Amino acid sequence: QNDDDNNIDDLNQPRKRRQRPPRSKKDFGPEGHDYKLADDAGPSISSFSEDKINSLIAERLQYKLNGEYSSADAIYEELFENNVVIYDKKQVWRADGQTFSDDN
């Protein structure tokens, strides 16, 4: 047996998972998120106030960052049911009853 044999992992032993370092808390500013109202958004038709919309978007973002996707999806649905559409790809939202397309 040579010295290299001592460096081989025992394949019968469970491999230890590397723990991720804790995610540093990002300052998302006064709204609590980094989403913006879409430049081409018209007047809001949502029953939610802008403050309520921003609060829900911030809450959804925290769920996403914590890997709680079903809770984030529930907030997305609540917003959508109240005429608020979020476009994650560009981090924008609108409450005018319109949707986003990839060419916006």
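Contact here means that heavy atoms lie within 4.5 Å of each other, and the legends below use the word in that sense for a model that is predicted.

View 1. Leaving aside neighbours within four places in sequence, Asp-96 is in contact with Asp-40, Ala-41, Gly-42, Pro-43, Ile-45 and Asn-83. A polar atom of the Asp-96 side chain lies 2.7 Å from the backbone nitrogen of Gly-42, and the side chain of Asp-96 also reaches the backbone nitrogen of Gln-98, at 3.1 Å.

**View 2. Overview of the elements in the chain.** The secondary structure of the protein consists of two helices and three strands, which follow one another from the N terminus in the order β-α-α-β-β. Of the 104 residues in the protein, 26% are buried. Where contacts join residues at least 6 apart in sequence, 57% of them link residues at least 24 apart. The accessible surface of the protein comes to about 8,300 Å², and carbon and sulfur atoms account for 44% of that surface.

View 3. The three strands are arranged in the order E1-E3-E2 as an open sheet, in which the pairing is mixed. Strand E1 (36-37) and strand E2 (85-87) stand at the edges with a single partner strand each, so one side of each has no neighbour in the sheet. Strand E3, residues 92-94, runs antiparallel to E2 and is joined to E2 by three bridges; within E3, Trp-93 is the residue that stands opposite Ile-86. Helix H1 lies across E2 and E3, and runs at about 140° to E3.

**View 4. The largest nonpolar core and a second, separate one.** Eleven residues make up the largest nonpolar core, namely Tyr-35, Phe-48, Ile-53, Leu-56, Ile-57, Ile-75, Leu-79, Val-84, Ile-86, Trp-93 and Ala-95. Helix H1 (50-65) and helix H2 (69-81) each contribute at least two residues to this core, and the largest share, three residues, is supplied by H1. When residues up to four places away in sequence are not counted, Ile-75 touches Leu-56, Glu-59, Arg-60 and Tyr-63.

**View 5. Asn-82 in the loop between H2 and E2.** Asn-82 has its place in the loop that connects helix H2 with strand E2, and at 19% relative accessibility this residue is classed as buried. The side chain of Asn-82 is joined to the side chain of Ser-47 by a polar contact of 3.2 Å. Apart from neighbours within four places in sequence, the residues in contact with Asn-82 are Ser-46, Ser-47 and Phe-48.

**View 6. Lys-89 in the loop between E2 and E3.** Lys-89 sits in the loop between strands E2 and E3, and its relative accessible area of 64% makes this residue exposed, a word that applies over 50%. The C-alpha atoms of Lys-89 and Asp-102 are 8.8 Å apart in space, while the two residues are 13 residues apart in sequence.

Definitions and conventions
Residues are numbered from 1 along each chain as its sequence is written. This is a predicted model: local features need pLDDT of at least 70, side-chain atom pairs count only at pLDDT 80 or more; totals for chains, interfaces and linings use all residues. Side-chain values use heavy atoms; hydrogens and water are left out. A nonpolar core is a set of buried Ala, Val, Leu, Ile, Met, Phe, Trp, Tyr and Cys residues joined through side-chain atoms within 4.5 Å. Buried means under 20% relative accessible area, exposed over 50%, partly exposed in between (1.4 Å probe, protein chains only). Helices (H or I, at least four residues) and strands (E, at least two) are DSSP runs, numbered from the N terminus. Two strands pair if DSSP finds at least two bridges between them. Axes are lines fitted to C-alpha atoms, for helices over the stretch in contact, and angles run from 0 to 180 degrees between N-to-C directions. A polar contact is a pair of N or O atoms within 3.5 Å; within protein, one must be able to donate a hydrogen and the other to accept it, and residues adjacent in sequence count only if both atoms are side-chain atoms. Accessible areas come from the Shrake-Rupley method with a 1.4 Å probe; for residues, only the protein chains shown count as cover.
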